Amino acid sequence: MWTSTWVHRNTPHLIVNQVALGVLTALAWVLRPTRAATLAWFLAWPLSQLSLLLWPQIGHATGLSGVLHAGATVMAVELVLQRVRVDKARRWGLMLAAGLAAKLTIARAWHRPVVWDNASEMSVVLAADLTGVFWGLALACGAFGLGHLWRRRRHRTMATGV
């Protein structure tokens with residue numbers, strides 16, 4: 001669940017994932033996501049990997065793709081819900097979400113979870129992108145709901161003095 005993401009089939013696969021991880025790290029450095037977002041991304045990691053077991057076509061999966069898509073989705077939710085302080089956060093979040101949606105629509109992982117890539121001479125598990133986005137969205141929205149309820153309850157408790 002945790003270590004398969006660090007295994008890569010070849011050097012280009014590793015480099016592409018490291019560059020994407022660097023971009024997400026830089027984005028997180030600038031945006032300073034909430035603890036709830038960090039927890040959502042952390043929990044999406046093993047859940048996106050475990051979800052790949054739902055597809056019998058997938059014999060094994062390696063690489064950071066699912067984790068990276070989960071992280072990008074969590075950041076999109078943070079921006080759309082304006083949980084980070086940045087100008088035009090909602091607009092940036094919607095653009096990021098639209099990019100993820102377009103990528104998933106083009107790949108159609110629900111129809112073809114694994115494809116052969118001649119350029120890199122390896123199988124690409126498109127379902128990892130799909131499970132990453134699913135868990136990133138579910139956990140980021142869930143974290144928002146729980147955080148909102150906690151803040152509301154805390155505010156009510158402080159207001160009543162109980």
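User: What counts as a pocket, and which residues line one?

Analyst: On a 1 Å grid over the protein atoms alone, a pocket is an open set of points with protein on both sides within 12 Å along at least five of seven lines, and lining residues have an atom within 4 Å of a point. Keep in mind that this is a predicted model. Here the largest pocket is lined by 32 residues, and H13, M122, S123, V124 and V125 lie nearest its centre.

User: How much space lies in the largest pocket?

Analyst: The general idea comes before the number. Rolling a probe the size of a water molecule over the atoms shows where empty space is left. In this model, the largest pocket holds about 630 Å³ of space.

User: Which helices and strands each supply at least two residues of its lining?

Analyst: Helices 1 (11–31), 3 (65–80), 4 (89–107) and 5 (126–160) do, along with strand 1 (114–117) and strand 2 (122–125). Helix 1 gives the most, with five residues. By class, the lining has 14 nonpolar, 14 polar and four charged residues.

User: Let's turn to helix 4. How do I read its buried residues?

Analyst: Start with the geometry. An α-helix has 3.6 residues a turn, so residues three or four places apart point the same way. Now the case at hand: in helix 4, A89, G93, L100, L104 and A107 are buried. Seen down the helix axis, these buried residues fall within an arc of 70 degrees, so they line one face of helix 4. R91, T105 and I106 are exposed on the other side.

User: What span does helix 4 reach, and what follows it?

Analyst: Its 19 residues reach 27 Å from the first C-alpha to the last, close to the 27 Å expected at 1.5 Å a residue. After helix 4 comes R108, with a positive phi near 50 degrees.

User: Where does helix 2 bend?

Analyst: The bend is at A44, by about 30 degrees, and a proline, P46, follows within four residues. The end-to-end check still works for helix 2: its 17 residues (35–51) should span 24 Å at 1.5 Å a residue, and the end C-alpha atoms are 24 Å apart, which agrees. Both A44 and P46 are buried, and the buried residues of helix 2 also include A37, A40, W45, S48, Q49 and S51.

Conventions. Residues are numbered from 1 along each chain as its sequence is written. This is a predicted model: local features need pLDDT of at least 70, side-chain atom pairs count only at pLDDT 80 or more; totals for chains, interfaces and linings use all residues. Side-chain values use heavy atoms; hydrogens and water are left out. The expected span of a helix is 1.5 Å times one less than its number of residues. The bend at a residue is the angle between axes fitted to the seven residues ending there and the seven starting there. Buried means under 20% relative accessible area, exposed over 50%, partly exposed in between (1.4 Å probe, protein chains only). On a 1 Å grid over the protein atoms alone, a cavity is a set of points where a 1.4 Å probe fits but cannot get out, and a pocket is an open set with protein on both sides within 12 Å along at least five of seven lines; lining residues have an atom within 4 Å of a point. Grid points are joined across faces, edges and corners, and a volume is the space filled by probe spheres set on the points. Ala, Val, Leu, Ile, Met, Phe, Trp, Tyr, Cys and Pro count as nonpolar, Asp, Glu, Lys and Arg as charged, and the others, Gly among them, as polar. The arc is that of the directions from the helix axis to the C-beta atoms.
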